[in-house]
Amino acid sequence: MQNFSFHSPVHAYFGFNAIDNLQTLLKPYKKICVVSGAHSIDATGFRKYLDEYFRNKEIFYFSQIEENPSINTIIRGGKFARECKAEVVIGFGGGSPLDASKAIAAFATNNKGFYELLTEETLEHEPLPVICVPTTCGTGSEMNNYSIVTDTEKLDKINFAKPNTFPKAAVIDPVFLRYLDK
């Protein structure tokens with residue numbers, strides 16, 4: 001086996017009822033942007049959960065993440081979070097929404113073109129904090145700083161990653177696995 005190193009500053013919460021950790025994680029924030037696909041957020045009851053337990057917060061839903069999120073979706077999501085004055089981003093779903101949430105958090109605070117921001121070594125402004133809540137197994141997106149974004153014009157996938165695009169936390173609750181397609 002080759003030698004390798006691994007770095008992840010993500011604080012991960014595992015197990016049934018791990019979702020209860022959102023109470024503490026979201027305490028400092030008043031405005032929350034939730035990034036997800038169109039269906040899983042309702043099918044799992046996550047939207048209902050957020051609306052019920054966080055009535056004292058302003059929650060904005062960006063549920064437009066497609067499979068293999070495009071550059072245009074990331075730019076729209078960043079603008080949405082910026083206009084809502086979001087203070088934190090929750091990524092909810094499989095690898096695509098989790099990847100998109102990390103890139104959207106960066107574009108929310110750095111209003112630039114995709115390739116312009118991609119080529120910068122470091123971000124001028126710190127991305128919004130991200131909390132990832134995966135609903136599938138195996139992508140690992142909740143633990144890394146990578147955002148795989150699709151350039152639909154060039155038919156290419158780009159890895160948008162910066163040293164500070166790691167999620168702040170991952171909440172891995174097996175209850176969401178019940179909703180995987182069979």
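Which residue lies over the face of Tyr 115? Select Tyr 115 in this predicted model, and you will find Lys 154 over its face, at 4.5 Å from the ring centre. A second contact of this kind can be shown by selecting Arg 47 together with Tyr 61, where the charged end of Arg 47 sits over the ring of Tyr 61, 4.3 Å from its centre.

Select Phe 46 and Phe 92, whose ring centres are 4.1 Å apart and whose planes are at 0°, so that the pair is stacked. Colouring by secondary structure places Phe 46 in helix α3 (residues 46-53) and Phe 92 in strand β4 (residues 88-93), so this pair ties together parts that are 46 residues apart in sequence. Phe 46 is buried, with a relative accessible area of 1%, and Phe 92 is likewise buried, at 0% relative accessibility.

Staying with helix α3, select Tyr 49 and Tyr 53, which are four residues apart in that helix and hence separated by about one helical turn. Their ring centres lie 4.9 Å apart with the planes at 40°, so the pair is tilted. Tyr 49 counts as buried, at 14% relative accessibility, whereas Tyr 53, at 47%, counts as partly exposed.

Key:
Residues numbered from 1 in each chain as written. Predicted model: local features only at pLDDT ≥ 70, side-chain atom pairs only at ≥ 80, totals over all residues. Heavy atoms only, no water. Phe/Tyr/Trp six-rings, centres within 6.5 Å; stacked < 30°, edge-to-face > 60°. Helix = DSSP H or I, 4+ residues; strand = E, 2+ residues; numbered from the N terminus. Buried < 20%, exposed > 50% of the residue type's maximum accessible area, 1.4 Å probe, protein only. Lys NZ or Arg CZ within 6 Å of the ring centre and 35° of its normal.
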